[in-house]
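User: I would like to learn how to read the features of a model like this one. Could you walk me through it?

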Amino acid sequence: MSRSSTWRRSPSDAASWHQDEALRATIFLLRELGPTRFVLREEGESRSVTVSLGDPHTCSCPVFQREKDLCKHVCWVLLKKFQLPRENDYAFQLGLVEREISQLLLGAHRARTPRVTPKCSEQKAGGDGLLQKKIDPEDVCPVCQEVLLQKRLPVSYCRYGCGNSVHITCMKVWAEHQATADRDAMVKCPLCREDFAPLKLLLEEVRNSSKLMSRAEKERQDRHLGIVCQGCQKRNQQWTLVDADPECQGLTTSPPESAVTPEQVVQALPQMKVAASSKLLEPGWQCRLCLNAFCVGQRVRRLPCNHKFHTSCIDQWLTSTSSSCPLDGQEVCTPPTWAQPNNGEESRAQQDLFVPGRGLLLGSPAGGQRASKRLVKPREMAGQHHAGQEGLCQGLRGVALCVEVLPPGRRHSRECRQ
């Protein structure tokens, strides 16, 4: 079988770059024109592109027309839609012949794992629509092709067809592509093509689900976001590698083995019982760990970042997985970290405990040395370092508290005593 393009043994630099772009980007699958032809739109873009797989692959985007190599849209279809591993030979070819396309459609590259056949969706009490199906760990959104339980974005579900879940933001893009203007009209499901939900209900879910997104989630993920970094003691700065920052020399780069939250700290977090008049029962409000809606009588726990989860869901997460919020990463309780001695310095270890929400760094010299501590009044400048002294001055929201630990005979600088 003849091939129009040369068979590649390894991806080109351009193909590898566009694969990275495809894995980072949020792209919506708006329409399937056939088994190998798709209409896509990237988040934030107004124009749609059409991708066709074949020999060769084609795309209507300007990058493909200019470079004549795989663009991020073709890579997205191969890596996300068909779930090809990026090291698979089919993932970086300029085209695939008919036999290879058939293998791709049959999913010959996927691992064969047994899966329980899902039960039919149950009818709601009163006969008004279906209940939401349970979300499995491997379930993906049919529009953005992201794993639902890994992305942890609010979801809606098909109420009159299949009961499957879809990201609310993706359904909004899907409804806009269908050009549905009547608020009482029904939006079609991208999976079963039956009635998904009324557009009016979907817009209400969009409005309420936006309240679940914190500022930290909407900001760039490489920023400190106002929280003092335990390494460089700065805020609102770009994250850098510890090894590349001279101010962070000596800090360990690996997290502690037991980076979970103590049980007594978890139980001290505020919780509430969902009442019949609670706004948590409005469309779009849900626990973003299990992606199920809140119900009357359920226990809900609130973290310091104001995210709310089912008590059973967040307690299991904090005590067995992480000590931070699963959505924005804000610490609930930070275990002590150890500063390693630098080369050429006297061997010494110092234990630091960072208290989130307070901006305090508590330290104690090793060896039981006597140390002085001084608490100073607030000042407007925060995050300043003290040259030639042990310890750091730091603060939060413009208030700095110096809790330095100094060896005997050393005094705090004039700035600390102001």
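**Reading the features**

Analyst: Gladly! Let us begin on the surface, where R183, K200, R207, K211 and K279 gather in a patch of positive charge. This is a predicted model, in which local features need pLDDT of at least 70 and side-chain atom pairs count only at pLDDT 80 or more, while totals for chains, interfaces and linings use all residues. Residues are numbered from 1 along each chain as its sequence is written, and side-chain values use heavy atoms, leaving out hydrogens and water.

User: What makes a patch?

Analyst: Patches are made of residues with over 30% relative accessible area and no salt bridge; like charges are joined within 9 Å, and nonpolar side chains (Val, Leu, Ile, Met, Phe, Trp, Tyr) within 5 Å. Accessible areas come from the Shrake-Rupley method with a 1.4 Å probe, and for residues only the protein chains shown count as cover. A salt bridge is a side-chain nitrogen of Lys or Arg within 4 Å of a carboxyl oxygen of Asp or Glu. Lys and Arg count as positive and Asp and Glu as negative, with His and the chain ends not counted. Each charge is placed at NZ of Lys, CZ of Arg, CG of Asp or CD of Glu.

User: Where is K279 in the chain, and why does K279 count as partly exposed?

Analyst: K279 sits in the loop between strand 9 (271–273) and strand 10 (299–302). Helices (H or I, at least four residues) and strands (E, at least two) are DSSP runs, numbered from the N terminus. Buried means under 20% relative accessible area, exposed over 50%, and partly exposed in between (1.4 Å probe, protein chains only). K279 counts as partly exposed because its relative accessibility is 47%.

User: What does A275 touch?

Analyst: Contact means heavy atoms within 4.5 Å. Not counting residues up to four places away in sequence, A275 touches L281 and V296. A275 is also found in the loop between strand 9 and strand 10, and A275 counts as partly exposed because its relative accessibility is 36%. The C-alpha atoms of A275 and R299 are separated by 9.9 Å, and these residues are 24 apart along the chain.

User: Is H73 buried or exposed?

Analyst: H73 counts as buried because its relative accessibility is 9%. H73 lies in helix 3 (residues 72–81) and touches I27, L40, E42, V49, V51, C59 and C61, again not counting residues up to four places away in sequence. Helix 6 (residues 168–177) has buried residues too: I168, C170, M171, V173, W174 and A175.

User: How should I read backbone angles?

Analyst: Most residues other than glycine have a negative phi, and most peptide bonds are trans. Q145 has a positive phi, near 65°; Q145 lies in the loop between helix 4 (98–106) and helix 5 (148–151) and counts as buried because its relative accessibility is 9%. R152 has a positive phi of about 60° and is in the loop between helix 5 and strand 5 (155–157). A179, which follows helix 6, has a positive phi near 55°.

User: Which residues does a cis peptide bond join?

Analyst: A cis peptide bond joins D55 and P56, with omega about 10°. P56 lies in the loop between strand 3 (49–52) and strand 4 (58–59).

User: What about the chain as a whole?

Analyst: The chain has 10 helices and 16 strands, and 41% of its 418 residues count as buried. The accessible surface comes to about 23,600 Å², of which 50% belongs to carbon and sulfur atoms.
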